[in-house]
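Open the model in your viewer and keep a selection tool ready. This tour says what to select next and what is there.

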Amino acid sequence: MLIKPSASIRQNYNDIADLCKTTGEPVYLTKNGEGDLVVMDIEAFSRREKMLKLREDLLAVQEDRLAGRAGVTPDELDTYLDSIIDEAEHGKNTSI
C-alpha cells in the first residue's frame, strides 16, 4: 500500500503519476493524517473495473445455478452468437 500526504499531489504530481503507472497500484493520499483520496493510473482503474464486473457476472451465474435456474448449453450459445454476427455482417434480423 502506497501512502502519501495530500500535499504531495500538488507538489509532486508527475512523481505520483509515475508511481501509479510503474507500480499499477493505487496511491492513498492522507489529509491531516487521515485517509482522504485514492489516486490510480487509468489503465489500472480500467482493469480493476473490468475485474469487478466479471466477478459480479460470475456471482450472478453462480447464484442462478444454485437456485436451479436453467442456463443455455454451449451449442445454444454458439447458435445465438452466430446469429448476432450474421445480423451485424448482413443486416439480417435473426433470433434463436
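Buried means under 20% relative accessible area, exposed means over 50%, and partly exposed lies in between, with a 1.4 Å probe and protein chains only as cover. This is a predicted model, in which local features need pLDDT of at least 70 and side-chain atom pairs count only at pLDDT 80 or more, while totals for chains, interfaces and linings use all residues. Residues are numbered from 1 along each chain as its sequence is written, and side-chain values use heavy atoms, with hydrogens and water left out.

**Stop 1: the whole chain**

Show the protein chain as a cartoon. It has four helices and three strands. From the N terminus, the order is β-α-α-β-β-α-α. The radius of gyration is 22 Å, well over the 12 Å that the globule rule gives for 96 residues, so the chain is more spread out than a compact globule. That radius is taken over C-alpha atoms, and the globule rule is 2.2 Å times the number of residues to the power 0.38. Along the principal axes, the C-alpha atoms fill a box of roughly 60 × 40 × 20 Å. Buried residues make up 12% of the 96 residues.

Helices and strands here are DSSP runs numbered from the N terminus: H or I over at least four residues for helices, E over at least two for strands.

**Stop 2: the N terminus**

Select Met1. This residue sits in the segment before strand S1 (2-5). Is Met1 buried or exposed? At 78% relative accessibility, Met1 counts as exposed. Now draw a distance from Met1 to Asp57, C-alpha to C-alpha. The two are 56 residues apart along the chain and separated by 28 Å.

**Stop 3: the loop between S2 and S3**

Select Asn32. You are in the loop between strand S2 (27-31) and S3. Check the backbone: phi of Asn32 is near 55 degrees, a positive value in a residue other than glycine. Asn32 is exposed, with a relative accessible area of 75%.

Move on to Gly35, which lies in strand S3 (residues 34-39). Gly35 is exposed too, at 73% relative accessible area. Where does Asp75 lie from here, in sequence and in space? Gly35 and Asp75 are 40 residues apart in sequence, and their C-alpha atoms are 51 Å apart.

**Stop 4**

A search of the whole structure finds two salt bridges. The term means a side-chain nitrogen of Lys or Arg within 4 Å of a carboxyl oxygen of Asp or Glu.

Select Lys53 and Asp57. Their side chains meet in a salt bridge, 2.9 Å from N to O. Both are in helix H3 (residues 42-66), and because they are four residues apart, about one helical turn separates them. Lys53 is partly exposed at 45% relative accessibility. Asp57 is partly exposed at 34%.

Glu56 is exposed, with a relative accessible area of 53%. From Glu56 to Pro74, 18 residues apart along the chain, the C-alpha separation is 21 Å.

Next, select Asp64 and Arg69. They form a salt bridge, with the closest N and O atoms 2.8 Å apart. Asp64 counts as partly exposed, at 33% relative accessibility.

**Stop 5: the loop between H3 and H4**

Select Gly71, found in the loop between H3 and H4. Gly71 is exposed, with a relative accessible area of 65%.

**Stop 6**

Patches are made of residues with over 30% relative accessible area and no salt bridge; like charges are joined within 9 Å, and nonpolar side chains (Val, Leu, Ile, Met, Phe, Trp, Tyr) within 5 Å. Lys and Arg count as positive and Asp and Glu as negative, with His and the chain ends not counted. A charge is placed at NZ of Lys, CZ of Arg, CG of Asp or CD of Glu. Areas come from the Shrake-Rupley method with a 1.4 Å probe; for residues, only the protein chains shown count as cover.

Which residues form the negative surface patch? Select Asp75, Glu76, Asp78 and Asp82. Asp78 lies in helix H4 (residues 74-90). Asp78 is partly exposed, with a relative accessible area of 43%.

Finish with Val72, Leu77, Tyr80, Leu81 and Ile84. They form a nonpolar surface patch, with about 440 Å² of accessible area together. Leu77 lies in helix H4 and counts as partly exposed at 41% relative accessibility.
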